[in-house]
Amino acid sequence: MKTREILIVPDIHGRPFWEPALDYRGTTVFLGDYTDPYPSEGTHADSLRIMRQLVELKKQEPERITLLIGNHEFHYYDPKYRCGRFSLSMYEPYHQLLTGEDTAGCFQLCKQIDRYLFIHAGITKYWYDRYRAKMAPLGATLEEQMNRLFQEAPYAFYEASLHRGGIDDYGSPLWADVNEYGEEPEPFDKEIIQIIGHTQIKNPDPIFIKNVRMLDNAQLYLLKDGEIEKYSG
């Protein structure tokens, strides 16, 4: 099945590589992790400015723009879910953008368009099997189920495996590691393809493992006619 053209923006972390997306007029999905810049590549001021810019963009064109939540946003909902590079001094401004009365609705856990599920770190089979029963009453679609589960049971999204320095047997959709996709069977029907960021790629090409497309290498991508290609504007 072919899908509409979609621009995909992986983890920003305060960097400017995403800016050609401002001139793109089609459907655009941001995969999360706007905050907590790498020390050598940006500042919290950069991240906060970009996040505010994206929120305004979402407000102006809510149907065209999707802003997903990453693990680096998760700990600004509640610091008990903190991970590396958490900034206590930046907690309040980030927290206000994520939870404020006029901005909280700008962010979501995942987005499904046709056969493609856009989600920060992806859904592993073991995590899915554990929480499937909790998800089932929460909505008709996988997108609805996941977004409601995040609201009602945020603790489920803090699980991390040994691959990520955690103690769990598997990673949550905000923490799953690329290695888990090679080790585990597929969680869904073969028709669903997950498009994720989260695991930084050190080379210029994306990584495809089974039905997972991992794109976190500071590069914009275009999903067009079932193919993922680099986008330069």
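The accessible surface of the protein amounts to about 10300 Å² (Shrake-Rupley method, 1.4 Å probe), and 49% of that surface belongs to carbon and sulfur atoms. The model is predicted: local features need pLDDT of at least 70, side-chain atom pairs count only at pLDDT 80 or more, and totals for chains, interfaces and linings use all residues. Residues are numbered from 1 along each chain as its sequence is written, and side-chain values use heavy atoms, with hydrogens and water left out.

**Overall form**
- The protein contains 6 helices and 11 strands, taken as DSSP runs (H or I, at least four residues, for helices; E, at least two, for strands) and numbered from the N terminus.
- The C-alpha trace spans about 40 × 40 × 35 Å along its principal axes.

**Burial and contacts**
- Of the 233 residues, 57% count as buried, that is, under 20% relative accessible area (1.4 Å probe, protein chains only).
- Contacts are heavy atoms within 4.5 Å; among those between residues at least 6 apart in sequence, 58% join residues at least 24 apart.

**Charge**
- The mean positions of the 26 positive charges (Lys and Arg) and 36 negative charges (Asp and Glu) lie 1 Å apart, with charges placed at NZ of Lys, CZ of Arg, CG of Asp or CD of Glu; His and the chain ends are not counted.

**Helix α4**
- In α4 (residues 125–135), the buried residues are W127, Y128, Y131 and M135.
- These residues lie on the same side of α4 because they cover an arc of only 100° around the axis, based on directions from the helix axis to the C-beta atoms.
- The cover over the buried residues of α4 includes α5 (142–152).

Technical notes
Buried means under 20% relative accessible area, exposed over 50%, partly exposed in between (1.4 Å probe, protein chains only).
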